[in-house]
Amino acid sequence: MLGISAYHYQHQIQSLKSQLEQSDLNTLIKSNEILQLKDRLSNEQQKLLSLNSNLMTNTSGHSLDMSLTSHIHGPTIETFLPHLKRKPQALIPSIKLGKNKLGATIVIGIPTVKRSKESYLVKTLRSLFNSMSEEEKEITIVVVFIAETNMKFIKDTSKLLTEEFDQHINSGLLEIIAPAADYYPDLTNLPLTLGDSIQRVRWRTKQNLDYSYLMMYTMNKGVYYVQYYFTVIVAYELEDDVISVPGCVTKMKNFAMKFHSQQWFVLLFSQLGFIGKMFRTRDLVYMINYMLMFHKDQPCDWLLDHILYSKVCSVDKSMRHCSAQKQRLSKRFRPSLFQHIGKHSSLAGKVQPLKDKSFRMTGNLFVPHNNPPAKIKTTIKHHQRYSIESAYAGTKMFWGIKPIKGDFINFQFLSPVELTSISISSGNSEHPGDILNNAEVHLLQDGKEAKTDNFINVGKFNHGNFHYVFVKNNKLGKISAVKINVLQNSTSWIIFRELGLLLPRARFKVNFPTFDEIID
């Protein structure tokens with residue numbers, strides 16, 4: 001009885017704790033909404049004061065001071081970007097798609113730019129959305145910022161995202177924006193700093209302006225803002241091919257709530273560059289102003305470090321003391337929730353292989369099966385040692401290099417077999433976009449000659465997967481071959497995380513390979 005009572009009280013305590021945390025979060029959301037209303041009220045008051053001042057000037061012949069605004073002038077975005085004085089419409093997005101949702105707990109910003117090689121945007125979004133539960137989607141807004149001025153590219157990218165993620169746009173989860181062409185200043189005559197080339201200086205300068213625009217757009221949309229994008233790390237260039245851990249939104253929210261009553265400026269959910277950096281939206285104004293002030297001088301992750309230094313470091317104290325003080329304002333979550341998996345940088349000609357070593361992806365990257373002995377032929381080339389033979393044998397996933405129309409994989413059984421099911425799943429949590437679509441599966445019955453006309457079509461891959469169950473006493477009888485035919489050129493590589501041609505009473509192996517065994 002004592003044990004049961006203790007469990008009951010523990011359950012009540014946990015329930016009350018959860019309610020208290022939710023109450024604190026609701027308070028933060030309401031506080032943020034109040035701040036938004038105050039901003040709007042202040043803007044309307046300024047308009048009214050300006051109107052009254054103009055009226056006084058017109059009626060009495062001279063201006064009557066209605067406020068101190070005629071004597072005191074604070075810095076504005078035009079202070080740091082003077083060209084905007086001549087172009088007041090430059091801060092209005094050239095395109096804006098979405099429901100303009102407000103009151104979110106977490107707002108995630110994803111800038112994307114045109115690349116000379118493969119774009120990772122769809123893969124990145126797919127990984128993010130797949131990692132989120134329905135509850136997480138309700139409290140989140142994802143803003144994709146197409147950081148280009150070429151309208152054809154902007155429209156093409158918007159169309160691609162609309163076709164791929166129409167459901168998330170309609171629900172308010174996803175918004176798409178792009179800047180006006182006049183937002184960017186002249187980037188051809190920049191001062192060379194840090195010993196960088198003009199190409200690199202131009203690249204990181206524009207990146208600072210991109211981040212600033214995205215933060216300005218999102219700062220009134222929620223309580224917390226997360227930068228879901230890479231920037232420069234010392235001498236490396238990174239880009240936006242990022243994957244995330246399932247449940248990352250809840251993990252970030254809970255970690256932020258843990259410190260909601262403490263002083264902090266940034267929470268770190270990845271140790272690489274500027275990815276996975278969370279700010280309170282009310283603190284974004286400091287980051288925005290700092291990046292605008294020094295947008296031509298240093299990369300933004302260095303500027304973030306300088307902000308922390310300015311806040312807590314003293315010139316008469318040691319660097320060790322400074323580092324300890326900065327850690328109070330930048331709290332680190334382990335293991336990392338985000339990983340970089342791309343190789344092509346948005347800075348032309350650069351390839352970068354950096355990985356966050358503390359990242360851990362949950363879930364199986366490969367599910368092995370006991371498959372019947374077979375001779376395998378394929379026209380799809382494989383990457384390194386990730387061959388179709390290894391996947392069929394249950395030792396490693398299959399990783400094929402961009403199949404084209406007419407490619408095939410043929411499994412010719414050494415002896416005809418009576419299959420119970422076929423289970424093929426493509427893509428995995430590390431590479432969710434490496435899936436096989438536009439492909440069919442054909443069977444060859446025992447006793448039939450291996451001619452194209454003799455194969456029976458039993459279905460197509462659907463969203464990267466193919467599952468087929470043989471009914472008991474089916475008319476197909478024993479099968480002598482299974483063939484996969486590719487119908488169209490693939491835009492990506494393919495991974496088979498599961499390849500099972502299952503026999504009666506076939507069992508899964510219980511000793512699943514580890515991450516290190518699969519990716520070695």
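A residue is termed buried when its relative accessible area is under 20%, exposed when over 50% and partly exposed in between, with a 1.4 Å probe and protein chains only; Asp407, at 10% relative accessibility, therefore counts as buried. The model is predicted, so that local features need pLDDT of at least 70 and side-chain atom pairs count only at pLDDT 80 or more, while totals for chains, interfaces and linings use all residues. Residues are numbered from 1 along each chain as its sequence is written, and side-chain values use heavy atoms, with hydrogens and water left out.

Asp407 is located in the loop between β12 (398-400) and β13 (408-417), strands being DSSP runs of E of at least two residues and helices runs of H or I of at least four, numbered from the N terminus. Beyond neighbours within four places in sequence, Asp407 is in contact (heavy atoms within 4.5 Å) with Thr379, Ile380, Ile484, Asn485 and Val486. The C-alpha atoms of Asp407 and Thr378 are separated by 7.3 Å, although these residues lie 29 residues apart along the chain.

Asn208, which belongs to helix α6 (residues 198-218), counts as buried at 1% relative accessibility. Residues touched by Asn208, not counting those up to four places away in sequence, include Met291, Phe294, His295 and Leu303. In the packing of α6 with α8, Asn208, Leu209, Tyr211, Ser212, Met215, Met216 and Thr218 of α6 meet Leu284, Met287, Ile288, Met291 and Leu292 of α8.
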